[in-house]
Amino acid sequence: MFQLMAKTVKQKKAIITGITGQDGSYLAELLIKKGYQVHGLIRRASIIKTDRIDHIFNNPKIFNKTFFLHYGDMTDDISINSLIYKIRPDEIYNLAAQSHVKVSFELPMYTANADALGTLRILESVKSLRLNTKVYQASTSEIYGNSSKVKLDENSVFRPVSPYGIAKLYSFEIIRAYRKAYNMFACNGILFNHESPRRGETFVTRKITKGLANYVHKQESFLLGNLNAYRDWGHAKEYVDAMWKMMQLKKPIDLVISTGKSYSVRDFLVEAMKILEINFIEIKNRKETKFIDKKNNQLICKTDKRYERPNEVNYLLGNSNLAFKRIKWKPKVTFKELVKEMVNFDLINVKKEK
Ligand code: NAP
Ligand code: F7E
């Protein structure tokens, strides 16, 4: 009897765009564990860049059985439409984006195409194919722009200041508009910064942990931009859990996903040096700030204007009370634990590279 019942449970199908990214890789693991058939959208590149999903890709029990990869691009209508037509998924997690805020000032058109119109392409495909597919959109705290030092929630004002934030605000609003106009299950997770050992190496947290590992093993120094910006940093693994929980709700809602604590870039750097037992002195002049190793007088890192942005978001702090109420989501990993995990990961990796 039990066997008969088990057979009738339909395996859910999900498409993840951005599967090769930090969040895509954690989400793929989570959905596979939950018994989903997972289809990832992947861009063609001249080099192999599936590092974050190689452990899934190289598992013959999973690859092409419950986990599939398909070439496509968020800027290419046909690839999005034909993938959705072919798979007819129960859920789509739209995580693909040109996700670097500073790069968005240099590539504003491309960022708008991928990050704003890409979402529209998904919504239009689901709508025109008359599917009941649920759509999750990876929204971001960058849509708030500069706020006073208050906890930001679902009702705060959105005033983005970067091409990235503005493209993501378009996506946020188009998700809401399609939800209302066509009664679609479409929701936005307004995610504040989330990091992990899988974080891209050009984002500040990973720049710091990798930079310090290089300093420890190879005595190389590194450059940073604005040390005074504050971010609400959580762990990516916990944030993908929130995405899935949002998609299991009966009715779609938008939720802020954050830790409720904010630290500066300087705090992150200092905490990482503390873990590595590096005693430093900070020397400031009008041009730059330097961090010098007290032990040997060597330069650890210094600031450089080239890493500053034309518009900066100075302070971000989220309020996830609604997420706790509606999906029982609460982050557990503390700031110190997050920094420690990333520092230890890079320390071992750089040692292996040597
Ligand atoms: P990530 O590591 O930069 O990954 C981005 C993914 O998008 C990669 O798989 C990338 O593919 C893919 N992609 C980029 N442009 C594409 C295109 N034109 N067509 C198809 N795929 C494309 O980002 P993440 O940290 O995992 O973030 C996931 C999502 O959440 C993003 O939408 C980001 O904007 C948003 N978000 C992130 C944070 C955060 O703190 N991490 C916070 C709020 C919102 P390649 O590997 O080929 O480059
Ligand atoms: O910068 C400062 C920089 O690039 C954080 C993305 O996932 O989160 C991320 O965007 C802060 C900024 O992340 C360097 O000026 C100093 O104030 O790590 P980041 P971000 O811009 O907050 C949001 C929520 C997203 O949605 C995005 O997709 O650190 N900073 N020095 C630096 N930043 C970088 N990248 N490099 C530096 O050398």
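Reader: Which strands does helix α8 lie across, and at about what angle does α8 run to β8?

Author: This is a predicted model. In it, helix α8, residues 204–218, lies across β8, β14 and β15 (299–303). Its angle to β8 is about 155°. Angles run from 0 to 180 degrees between N-to-C directions.

Reader: Which strands does helix α10 lie across?

Author: Helix α10 (residues 265–275) lies across β8, β13, β14 and β15. It runs at about 155° to β13.

Reader: What is the order of the strands in the open sheet of four strands?

Author: The order is β8-β15-β14-β13, and the pairing is mixed. The edge strands are β8 (222–224) and β13 (280–284), as each pairs on one side only. From one strand to the next, the twist averages 20°.

Reader: How do you know that β13 and β14 pair?

Author: Two strands pair if there are at least two bridges between them. Five bridges join β13 to β14 (residues 289–293), so the two strands count as a pair. They run antiparallel. Within this pairing, E282 stands opposite F291 in β14.

Reader: How many residues surround ligand 1, and which are the closest?

Author: There are 26 residues around ligand 1, and T20, K49, S99, Y110 and Y164 are the closest. By class, the shell has 11 nonpolar, nine polar and six charged residues. At least two residues of the shell come from each of α2 (22–33), α6 (108–128), β5 (134–140) and α7 (163–182). Strand β5 gives the most, with three residues.

Reader: What does K134 touch, residues up to four places away in sequence not counted?

Author: K134, which is in strand β5, touches D90, E91, I92, F185, M247, Q248 and L249 on that count. A polar atom of the K134 side chain lies 2.7 Å from the backbone oxygen of M247. The side chain of K134 also reaches the backbone oxygen of L249, at 3.4 Å. The C-alpha atoms of K134 and P89 are separated by 8.4 Å, and these residues are 45 residues apart along the chain.

Reader: Why does R309 count as making a polar contact with ligand 2?

Author: The cut-off for a pair of N or O atoms is 3.5 Å. A polar side-chain atom of R309 lies 2.6 Å from an oxygen atom of ligand 2, so the pair is a polar contact. On its own, ligand 2 has 700 Å² of accessible area, and the protein covers 95% of it.

Reader: Which of the 22 residues around ligand 2 come nearest?

Author: S99, T140, Y164, R309 and E312 come nearest. The shell around ligand 2 has nine nonpolar, eight polar and five charged residues.

Note on methods
Residues numbered from 1 in each chain as written. Chains lettered and ligands numbered in written order. Predicted model: local features only at pLDDT ≥ 70, side-chain atom pairs only at ≥ 80, totals over all residues. Heavy atoms only, no water. Contact = heavy atoms within 4.5 Å. Near = heavy atom within 4 Å. Nonpolar A, V, L, I, M, F, W, Y, C, P; charged D, E, K, R; others polar. Polar contact = N/O pair within 3.5 Å; in protein donor to acceptor, adjacent residues only side chain to side chain. Areas by Shrake-Rupley, 256 points an atom, 1.4 Å probe, with all protein chains shown as cover.
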